[in-house]
Amino acid sequence: MQLTQQLMLAAEEQQNPLIPPGPELVIGLVTFAIVFFFLSKKLLPNINKVLEERRAAIEGGIEEADAMKVEAQSVLEQYKAQLAEARHEAARLRQEAQEQGAALIAEMRAEGQRQREEIIAAGHAQIEADRKAASQTLRQDVGRLATELAGKLVGESLEDHARQSRVIDRFLDELEEKAEAAR
């Protein structure tokens, strides 16, 4: 018995505490195989299915984001084109307004010049008419005064109108000739 005890003691001393005894190892392997089989047949397909759905959703989301990015870029380009067109149209309208304004100013200046010339012409015509009227009135007054003076000098009446007119006209014509010669 002593020998058996010694062998057992020696066996216990040689046995590594990390390595389980044989029957426990077999039971552990069988249990592991059962759990592995259960996991591989039931749980692993469900996990793979969920992972595949997530991957598809992520890829679909990326593709959708790329498509939205392309669409947003095209919309941005359209807006930029519309903005450039609107700016061009605004510049064209501004240019037209400036041209119309310049034409309107030129037209108003021409109208003002025409009215000014009409006013000046009317003024000259009025002055000429007033000058003629004043000249006529002056001729009559000078003729009447000259006739009265001549009648007083001569001592007889010079009331004959035809003679008066000829004398007055001759006298005034001589005065005008002298005034023109002096100029």
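**Side-chain pairs**

Me: How many salt bridges does a search of the whole structure find?
Reply: This is a predicted model, in which local features need pLDDT of at least 70 and side-chain atom pairs count only at pLDDT 80 or more, while totals for chains, interfaces and linings use all residues. Residues are numbered from 1 along each chain as its sequence is written, and side-chain values use heavy atoms, with hydrogens and water left out. Side chains of opposite charge can pair when their charged atoms come close. With a salt bridge defined as a side-chain nitrogen of Lys or Arg within 4 Å of a carboxyl oxygen of Asp or Glu, the search of the whole structure finds seven.

Me: In which helix do arginine 92 and glutamate 89 both lie?
Reply: The side chains of these two residues, arginine 92 and glutamate 89, meet in a salt bridge of 2.2 Å, N to O. Helices (H or I, at least four residues) and strands (E, at least two) are DSSP runs, numbered from the N terminus. Three residues, about one turn of the helix, separate arginine 92 from glutamate 89, and both lie in residues 22-154, helix α2.

Me: Is arginine 92 buried, partly exposed or exposed?
Reply: Buried means under 20% relative accessible area, exposed over 50%, and partly exposed in between (1.4 Å probe, protein chains only). Because its relative accessibility is 35%, arginine 92 counts as partly exposed.

Me: With which residue does glutamate 118 form a salt bridge?
Reply: Glutamate 118 has a relative accessibility of 44% and therefore counts as partly exposed. The closest N and O atoms are 2.2 Å apart, and the partner is arginine 114.

Me: How far apart are the closest N and O atoms of arginine 114 and glutamate 111?
Reply: Both residues, arginine 114 and glutamate 111, lie in helix α2, three residues apart. Arginine 114 counts as partly exposed at 36% relative accessibility, and glutamate 111 is partly exposed with a relative accessible area of 29%. In the salt bridge between arginine 114 and glutamate 111, the closest N and O atoms are separated by 2.3 Å.

Me: What is the angle between the planes of phenylalanine 32 and phenylalanine 36?
Reply: Rings of Phe, Tyr and Trp (its six-membered ring) pair if their centres lie within 6.5 Å; planes under 30 degrees apart count as stacked, over 60 as edge-to-face and the rest as tilted. The search of the whole structure finds one aromatic pair. Phenylalanine 32 and phenylalanine 36 form this stacked pair, with 6.2 Å centre to centre and an angle between the planes of 25°.
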